[in-house]
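Here's a quick briefing to read with the structure open beside you. Take it one topic at a time and find each residue as you go.

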Amino acid sequence: MLYPGLSPHYWSARPRPGVAVLSSRRVAAAAGAAGAGGYQELVLRLAGDIPELVFDLAVPGQAPVMTRSLTFA
């Protein structure tokens, strides 16, 4: 998930049954790349029927500044 220059912010998956976060890591943008940024990888384990995943972008301990959802048809 991309986060354009929001260095203190982290993506997190909202807790729900059947979803476990196995790992999370942030990767900085390459030196000399246009603009600030990088990306964060979230590795999730899904078990059972998961109709939707919801992700929040926030500074730890604060309210989310952005929310994104992924719906499975």
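Within the protein chain, strand 5 has the highest mean pLDDT of the elements, at 94, while strand 3 has the lowest, at 88. Keep in mind that this is a predicted model. Over the protein chain, pLDDT averages 83, and 78% of the residues score at least 70.

**The overall layout**

- You'll count 5 strands and 0 helices in the protein chain.
- Walk along the sequence and the pattern reads β-β-β-β-β.
- Out of the 73 residues in the protein chain, buried ones make up 21%.

**Strand 4 and its neighbours**

- Strand 4 pairs with strand 1 in the antiparallel sense, over 4 bridges.
- To spot that pairing, look for Trp11, whose bridge partner in strand 4 is Leu57.
- Strand 4 also pairs with strand 5 (residues 66-71), again in the antiparallel sense and over 6 bridges.
- Here you can look for Val54, whose bridge partner in strand 5 is Ser69.
- As background, side chains in a regular strand alternate between the two faces of the sheet.

**The nonpolar core**

- Which residues make up the largest nonpolar core? There are 7 of them: Trp11, Ala13, Val19, Ile50, Leu53, Phe55 and Leu57.
- Two elements, strand 1 and strand 4, each give two or more residues to this core.
- Strand 4 gives the most, with 3 residues.
- Trp11 and Leu57 turn up here as core members, and they are also bridge partners.
- In general, nonpolar side chains tend to be buried together in soluble globular proteins.

**Salt bridges**

- How many salt bridges does a search of the whole structure find? The search finds 2.
- One of them joins the side chains of Arg14 and Asp56, at 2.8 Å from N to O.
- Arg14 sits in the loop between strand 1 (10-13) and strand 2 (19-28), and Asp56 sits in strand 4 (residues 52-58), so this pair ties together parts that are 42 residues apart in sequence.
- Are the two partners buried or exposed? Arg14 counts as partly exposed because its relative accessibility is 40%, whereas Asp56 is buried because its relative accessible area is 10%.
- The cut-off behind that call is simple: buried means under 20% relative accessible area.
- The other salt bridge brings together the side chains of Glu41 and Arg25, at 2.7 Å from N to O.
- This pair links distant parts of the chain, with Glu41 in strand 3 (residues 38-46) and Arg25 in strand 2, 16 residues apart.
- Glu41 is partly exposed, with a relative accessible area of 30%, and Arg25 is partly exposed too, at 46% relative accessibility.
- The general idea is that side chains of opposite charge can pair when their charged atoms come close.

**A nonpolar patch on the surface**

- Some nonpolar residues show up on the surface: Leu46, Leu70 and Phe72 form a patch there, with about 260 Å² of accessible area together.
- Leu46 belongs to strand 3.
- Leu46 counts as partly exposed because its relative accessible area is 41%.

**Apart in sequence, but how far in space?**

- Ala20 is found in strand 2, and it is partly exposed at 21% relative accessibility.
- How far apart are Ala20 and Leu44 in space, C-alpha to C-alpha? They are 5.6 Å apart, although 24 residues separate them in sequence.
- Arg16 has its place in the loop between strand 1 and strand 2, and it is partly exposed, with a relative accessible area of 31%.
- Arg16 and Ile50 are 34 residues apart in sequence, and their C-alpha atoms are 9.0 Å apart in space.
- You've met Ile50 already, as one of the residues of the largest nonpolar core.

Conventions:
Residues are numbered from 1 along each chain as its sequence is written. This is a predicted model: local features need pLDDT of at least 70, side-chain atom pairs count only at pLDDT 80 or more; totals for chains, interfaces and linings use all residues. Side-chain values use heavy atoms; hydrogens and water are left out. A salt bridge is a side-chain nitrogen of Lys or Arg within 4 Å of a carboxyl oxygen of Asp or Glu. Buried means under 20% relative accessible area, exposed over 50%, partly exposed in between (1.4 Å probe, protein chains only). Two strands pair if DSSP finds at least two bridges between them. Patches are made of residues with over 30% relative accessible area and no salt bridge: like charges are joined within 9 Å, nonpolar side chains (Val, Leu, Ile, Met, Phe, Trp, Tyr) within 5 Å. Accessible areas come from the Shrake-Rupley method with a 1.4 Å probe; for residues, only the protein chains shown count as cover. pLDDT is the predictor's confidence in each residue, from 0 to 100. A nonpolar core is a set of buried Ala, Val, Leu, Ile, Met, Phe, Trp, Tyr and Cys residues joined through side-chain atoms within 4.5 Å.
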